[in-house]
Amino acid sequence: MTKNLKYKPAIFFIFLNMLIIGFCESMKGVFVSQFKEVFQIPDSSIGLMFSLSVFGYIISTYVGGILCSKFGQKKILIFSTIITGISYLITSIAPTFTILLISVFTTNIGTGLQAISVNSISPILFVTYSTILINLTHFFYGFGVSISQKFSGNMILKGFTFRDVFLINSGLMLLSIFLILFISFPKIESISTKSNIYKTLKNKLVLLFILAQGLYVFSEVGFLNWFVNFAQTSYNFTVDKATHYSAIFFLVFTFGRLTGGFVVHRLGTKKSMITYLSMSLILFWSGYLLKSNFVVLISLSGFFFSIIFPTTITIIGEVFKENTSYVMGLILSFVSIVNMLMNSLMGMLSTSLSPYTAFCLIPIALSLSLFFYTNIFKKIETL
């Protein structure tokens with residue numbers, strides 16, 4: 001495969017960078033208990049933190065495509081990595097919850113810019129084996145997430161705090177900056193577009209993508225953010241036991257991304273997506289309704305979460321051949337809005353009802369996501 005690829009160092013850097021970002025950015029959920037204890041805040045404030053972080057992501061994904069066109073992906077990657085590294089440093093020393101909110105918001109500005117840089121450069125880097133390589137890119141992100149769950153849980157057991165771990169994360173960002181300085185990326189010509197937000201949102205297919213992907217993204221991010229807190233408060237799990245099940249989810253999730261590109265390539269996009277979403281629903285609902293003795297079923301559902309996001313990115317690129325970067329950026333921005341609203345709802349329900357009741361929003365969102373994806377495929381007969 002590698003013989004047919006250009007810009008190999010850039011591809012390998014993208015893989016490594018996604019691993020580091022996945023490792024660093026997925027730890028907030030593990031440290032929810034520490035955040036509540038250190039800053040004396042309720043679950044609703046945690047929901048605000050997650051929502052604010054998504055808001056930062058929304059802003060950066062919307063303007064990211066414009067910035068990449070103007071300055072190039074490499075400069076934006078360097079800039080975003082610096083922002084993220086500084087934000088992790090601020091998180092490690094945050095004296096108040098307000099400062100923590102600012103640092104989390106800024107972190108997601110950086111990671112959002114990185115995401116749109118990677119997604120917009122991928123079609124150029126991955127001309128050959130695009131489905132397989134885009135899934136592999138997100139495999140490395142999932143691999144980083146999987147490692148981080150067990151790593152951060154072990155760090156807590158050894159007496160380390162979120163301050164210690166986010167200081168390490170800041171150092172990893174410094175490593176990324178050092179590496180990218182020596183990497184060459186292909187130049188992408190800037191294409192002017194007359195598209196605007198109102199005209200684009202009139203396209204029913206765009207709205208379906210926003211709803212389908214937005215609800216799915218909430219399901220994935222919601223698990224990452226809330227599962228440890230859910231398991232501790234609903235089942236009296238220790239942090240170590242809760243992160244064990246979280247790590248299983250992301251371990252099988254990662255394996256699913258490693259193999260998912262080949263599955264999609266062989267079975268086709270529509271059949272693969274519907275099958276994987278259906279299986280994730282069955283396992284997640286079963287694990288949730290059967291409670292603590294079967295919580296491993298929720299973890300195993302992670303395998304079927306694996307292909308949904310990267311394959312959707314591929315579909316968007318195929319469906320919207322004109323102004324792809326703009327449409328992709330717009331869709332991802334509104335996907336983040338859906339995610340933000342659902343996370344806020346999760347925090348409010350967790351406080352007013354219970355973490356167990358609130359957690360059912362995830363399988364509900366998955367069910368609705370499957371409904372909207374089914375409607376997308378009815379409109380796109382060629383996939």
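This is a predicted model: local features need pLDDT of at least 70, side-chain atom pairs count only at pLDDT 80 or more; totals for chains, interfaces and linings use all residues.

Biologist: What share of the residues counts as buried?

Modeller: Of the chain's 383 residues, 57% count as buried.

Biologist: And how many helices and strands are there?

Modeller: The secondary structure comes to 17 helices and 0 strands.

Biologist: OK, let's go inside. Which residues have the most contacts in the largest nonpolar core?

Modeller: That core has 101 residues, and M49, F209, F223, I331 and F359 have the most contacts inside it. Helix α9, residues 204-235, gives the most to this core, with 18 residues.

Biologist: Now rings. How many aromatic pairs does a search of the whole structure find?

Modeller: The search finds 30 aromatic pairs. One of them is Y216 with F305, a tilted pair at 5.8 Å centre to centre with 50 degrees between the planes.

Biologist: Which parts does that pair tie together?

Modeller: Y216 lies in helix α9 and F305 in helix α13, so the pair ties together parts that are 89 residues apart in sequence. Y216 and F305 are both buried.

Biologist: What about F223 and F227, stacked or edge-to-face?

Modeller: Stacked, because the ring centres of F223 and F227 are 4.7 Å apart and their planes are at 25 degrees, with under 30 degrees as the cut-off for stacking. F223 and F227 are 4 residues apart in helix α9, so about one helical turn separates them.

Biologist: Are F223 and F227 buried or exposed?

Modeller: Both F223 and F227 are buried.

Biologist: Switching to charges over rings. Where does the charged end of K291 sit?

Modeller: K291 has its charged end over the ring of Y356, 5.1 Å from the ring centre. There's also K241, which lies over the face of F237 at 4.4 Å from the ring centre.

Biologist: Now the serines. Where is S369, and is S369 buried or exposed?

Modeller: S369 is in helix α17, residues 361-379. S369 counts as buried because its relative accessible area is 0%. Not counting residues up to four places away in sequence, S369 touches A212, L215, Y216 and L277.

Biologist: What does S301 touch, not counting residues up to four places away in sequence?

Modeller: S301 touches F249, S280, L283 and F284. The C-alpha atoms of S301 and I282 are separated by 8.2 Å, and these two are 19 residues apart along the chain.

Biologist: Quick geometry check: how far apart are the end C-alpha atoms of helix α1?

Modeller: They are 26 Å apart, which agrees with the 26 Å that its 18 residues (8-25) should span at 1.5 Å a residue. α1 is mostly covered, since 14 of its 18 residues are buried.

Biologist: Last thing, backbone angles. Which phi value does Q40 have?

Modeller: Phi of Q40 is near 55 degrees, a positive value in a residue other than glycine. Q40 is in the loop between α2 (32-39) and α3 (43-71), and its relative accessible area of 65% is why Q40 counts as exposed.

Biologist: And what about phi of N236?

Modeller: N236 also has a phi near 55 degrees, positive in a residue other than glycine. N236 lies in the loop between α9 and α10 (239-267). With 68% relative accessibility, N236 counts as exposed.

Key: Residues are numbered from 1 along each chain as its sequence is written. Side-chain values use heavy atoms; hydrogens and water are left out. Helices (H or I, at least four residues) and strands (E, at least two) are DSSP runs, numbered from the N terminus. Buried means under 20% relative accessible area, exposed over 50%, partly exposed in between (1.4 Å probe, protein chains only). Contact means heavy atoms within 4.5 Å. A nonpolar core is a set of buried Ala, Val, Leu, Ile, Met, Phe, Trp, Tyr and Cys residues joined through side-chain atoms within 4.5 Å. Rings of Phe, Tyr and Trp (its six-membered ring) pair if their centres lie within 6.5 Å; planes under 30 degrees apart count as stacked, over 60 as edge-to-face and the rest as tilted. A charge sits over a ring if NZ of Lys or CZ of Arg is within 6 Å of the ring centre and within 35 degrees of the ring normal. The expected span of a helix is 1.5 Å times one less than its number of residues.
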